[in-house]
Amino acid sequence: MAGRRMDFIYDYISVTTFWTILFTVHALLAVALLGALTHQAASVLMPVRAANGPANFVTRFRSVHGAGYATAVCVLWVITFLFGAWIYTKYRIQIRIPIEQAGFWKTQGVFELKEHYATIGLGLLPIYWLFWKNAREPKYDAPRKWLTVTLAAMAWFIFLVGHIVNNVRGFGS
Amino acid sequence: MSSVTRTSAPAAEASFARSETFRTFALVFAMATPVLYVICDMMNWPLFTYHPGTNRLDLGFAPAVKNEGPAMYWYGWTASTLIGSAILGSLATLLPEKLANRIPMSLVWILPIAVLPVLIYSLKFFWRW
């Protein structure tokens, strides 16, 4: 398995440092994904129709060209998912067991829900990509809008739960 | 001299995005994923079981082995779901175009929301005060 093949790394850095780096990369990828999806969701929920005076921060935030984000969102979701799946092997033994011993059942429950939605999100990516690549097709306007908002809501939930679960034991523990 | 016609990546991407076959596949794949995932979760149908303590994989469902740590099913549920959804998506591409065009597109975002109560119920073990 990948874990055993990567053992040579432990000659250079500690086990804790290795997993902390993996987790940090996973978190940074998630931030990039969250930013892209939030921009897109704002652009479909509150589209900028015409310039009405000088643009403020909110106007600039929602006036992005959403189609340009579609491929990046798909790639980021898949890579973030793969990093999460890798970290999950360590989490299951080193984190979940102490969480259960401490009685944080609801925290573990929402983490399970987060994992469910990470997989469901994967399945939505091909049609999400197609909707955005045909952004000029009026028949896709409504499903594109609500699918983007759904994916953004899922990404926010997944991100916040990951953040909360990380806080249970603290960084590097 | 021979001439070589090159298809640029954006042109290939655009033609893929306009493909009716891919549209039908992606539509059914997206609708099948939440439904199949819930079924795999509730029925406990992982394609394989991973034992992180011993780094072992078992085909299908396998219970945790005493003194060898926990068993993980999420990877197996994900694999079962994606393979099942890909099969259903591929079968849907065989539908006549008239029928394929009648698949409601709104289901791609309604179904992931609709399965939320079922997923919360499936995690009832964790909702204790």
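**Ground rules.** I'm working from a predicted model, where local features need pLDDT of at least 70 and side-chain atom pairs count only at pLDDT 80 or more, while totals for chains, interfaces and linings use all residues. Residues are numbered from 1 along each chain as its sequence is written, chains are lettered from A and ligands numbered from 1 in the order in which they are written, and side-chain values use heavy atoms, with hydrogens and water left out.

**Salt bridge count.** I found six salt bridges over all chains, taking a salt bridge as a side-chain nitrogen of Lys or Arg within 4 Å of a carboxyl oxygen of Asp or Glu. Side chains of opposite charge can pair when their charged atoms come close.

**Glu112(A) and Arg96(A).** I looked up this pair and got 3.0 Å between the closest N and O atoms. Glu112(A) sits in helix α5 (residues 105–133) of chain A and Arg96(A) in helix α4 (residues 70–101), so the bridge ties together parts 16 residues apart in sequence. My helices (H or I, at least four residues) and strands (E, at least two) are DSSP runs, numbered from the N terminus. Buried or exposed? I noted Glu112(A) as buried at 10% relative accessible area, and Arg96(A) as buried at 12%. My cut-offs are under 20% for buried, over 50% for exposed and partly exposed in between (1.4 Å probe, protein chains only). I also see Glu100(A) joined with Arg96(A) and Glu112(A) in a salt-bridge network.

**Asp141(A) and Arg144(A).** The closest N and O atoms of this salt bridge are 2.4 Å apart. Both residues lie in helix α6 (residues 141–169) of chain A, three residues apart, about one turn of the helix. I have Asp141(A) as partly exposed at 37%, but Arg144(A) as buried at 7%.

**Arg56(B) and Glu68(B).** Over in chain B, this salt bridge has its closest N and O atoms 3.1 Å apart. Arg56(B) is in strand β2 (residues 56–59) and Glu68(B) in the loop between β2 and α3 (74–92), so the pair ties together parts 12 residues apart in sequence. I put Arg56(B) down as partly exposed at 30%, and Glu68(B) as partly exposed at 29%.

**α5(A) against α6(A).** I read a packing angle of about 150 degrees, with the axes 9 Å apart. Axes here are lines fitted to C-alpha atoms, for helices over the stretch in contact, and angles run from 0 to 180 degrees between N-to-C directions.
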